[in-house]
Amino acid sequence: MKAYIFPGQGSQFPGMAKELYENDAQAREMFERANGILGFRITDIMFEGTADQLKQTKVTQPAIFLHSVILAKCSPNFCPDMVAGHSLGEFSALVAADALDFEDGLRLVSIRARAMQKACEANPGAMAAILALPADKVEAICAETAGTVVPANYNCEGQIVISGSCDAVAAASEKMKAAGAKRALLLPVGGAFHSPLMQPAAEELAEGIASVEFRQPVCPVYQNVTALPTTDPAEIRRNLLAQLTAPVRWTQTVLNMAADGADEFVETGPGKVLQGLLSKILPA
């Protein structure tokens with residue numbers, strides 16, 4: 001069975017999707033439609049912009065979404081048995097699996113990006129990658145640390161990202177190193193994604209999610225919040241909103257997909273981040 005997986009923020013690069021735009025008429029039409037919906041030529045930044053320009057949240061998230069979705073929609077062999085996406089990539093997965101219209105998906109991603117940026121400015125936070133410390137120890141240290149700090153991404157065995165207020169993340173990182181973590185690496189991000197500090201963004205995104213139609217997807221979607229498959233539009237809607245303040249259970253997601261029969265994984269979108277994680281989760 002073939003599983004398609006879609007990357008999240010951090011996979012962007014200058015020149016992304018330029019070849020796709022130039023060589024495929026359907027892709028070109030979809031990109032131009034996206035420029036109109038967003039109100040600016042995101043393609044100019046994707047194809048010719050600098051890495052710093054691509055890092056702007058209002059650009060990064062729609063750019064990765066567009067690269068991923070248009071690549072899937074323009075692939076003659078795209079026929080998923082199951083799909084999943086890492087954080088932002090969940091929106092790409094839902095559109096690729098026809099649970100959401102392309103236009104609605106892009107509008108939601110744009111709302112999400114701007115709302116997250118505002119939340120970061122209102123509640124500055126931080127994220128740190130904790131290497132080689134068991135999940136239960138990471139969870140216990142987060143729970144005992146004063147302030148807001150929580151596990152945010154279960155990326156693969158031995159790599160968990162924590163998220164929260166700057167002071168709490170720093171304090172928890174020191175405790176985790178003392179408990180045996182190989183490294184506690186502060187990430188170059190603008191805020192505390194997948195933590196309670198994103199609650200204002202969730203409230204803003206809720207209005208957008210309530211305003212669009214969700215359909216039954218063509219295959220099961222494994223969602224970040226539960227790591228479990230669903231085809232129920234109401235459940236998809238709830239989990240998509242909860243995702244902003246809840247952890248991305250990527251390790252569990254990939255293991256569940258494999259347990260349900262996935263023997264081929266195709267990363268669809270920019271970069272190879274998920275391929276790297278996959279090789280650690282499922283070495284075979």
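**Cysteines**

I looked up Cys-142 and found a relative accessibility of 4%, so Cys-142 counts as buried. Buried means under 20% relative accessible area, exposed means over 50%, and partly exposed lies in between, with a 1.4 Å probe and protein chains only. I note that this is a predicted model: local features need pLDDT of at least 70, side-chain atom pairs count only at pLDDT 80 or more, and totals for chains, interfaces and linings use all residues. Residues are numbered from 1 along each chain as its sequence is written, and side-chain values use heavy atoms, with hydrogens and water left out.

How many disulfides does a search of the whole structure find? It finds zero. A disulfide is a pair of cysteine sulfur atoms within 2.5 Å. Cys-142 is in no disulfide, and its nearest cysteine sulfur, in Cys-166, is 15 Å away. I then checked Cys-166. Its closest cysteine sulfur belongs to Cys-120 and is 10 Å away, too far for a bond. Is Cys-166 buried or partly exposed? Its relative accessibility is 38%, so Cys-166 counts as partly exposed.

**The sheet**

Next I traced the strands. Helices (H or I, at least four residues) and strands (E, at least two) are DSSP runs, numbered from the N terminus. Two strands pair if DSSP finds at least two bridges between them. Strands of a sheet pair through backbone hydrogen bonds, either parallel or antiparallel.

Here four strands form an open sheet, in the order S4-S5-S3-S6, with antiparallel pairing. Strands S4 (149-156) and S6 (183-186) stand at the edges with a single partner strand each, so one side of each has no neighbour in the sheet. On average, neighbouring strands of this sheet are turned by 25° against each other, direction ignored. Axes are lines fitted to C-alpha atoms, for helices over the stretch in contact, and angles run from 0 to 180 degrees between N-to-C directions.

I followed one pairing. S3 (residues 125-131) and S5 (residues 159-165) pair in the antiparallel sense over seven bridges. Which residue of S5 is the bridge partner of Ala-128? It is Ile-162.

Helix H8 (residues 135-144) lies across S3, S4 and S5 and runs at about 165° to S4. Contact means heavy atoms within 4.5 Å.

**Helix H6**

I checked burial along H6 (residues 89-96). Eight of its eight residues are buried, so the helix is largely enclosed by the rest of the structure. Among them are Gly-89, Glu-90 and Phe-91. Just after H6, Asp-98 takes a positive phi of about 65°.

**Rings**

Rings of Phe, Tyr and Trp (its six-membered ring) pair if their centres lie within 6.5 Å; planes under 30 degrees apart count as stacked, over 60 as edge-to-face and the rest as tilted. I count five aromatic pairs by this rule.

Phe-31 and Phe-47 pair edge-to-face, at 6.0 Å centre to centre and 80° between the planes. Phe-31 is in helix H2 (residues 25-38) and Phe-47 in helix H3 (residues 42-48), 16 residues apart. Phe-31 is buried at 0% relative accessibility, and Phe-47 is buried at 12%.

Phe-65 and Phe-102 have ring centres 6.3 Å apart and planes at 15°, so this pair is stacked. The pair links helix H5 (residues 57-73) with helix H7 (residues 102-122).

Tyr-21, Phe-31 and Phe-47 form one aromatic cluster.
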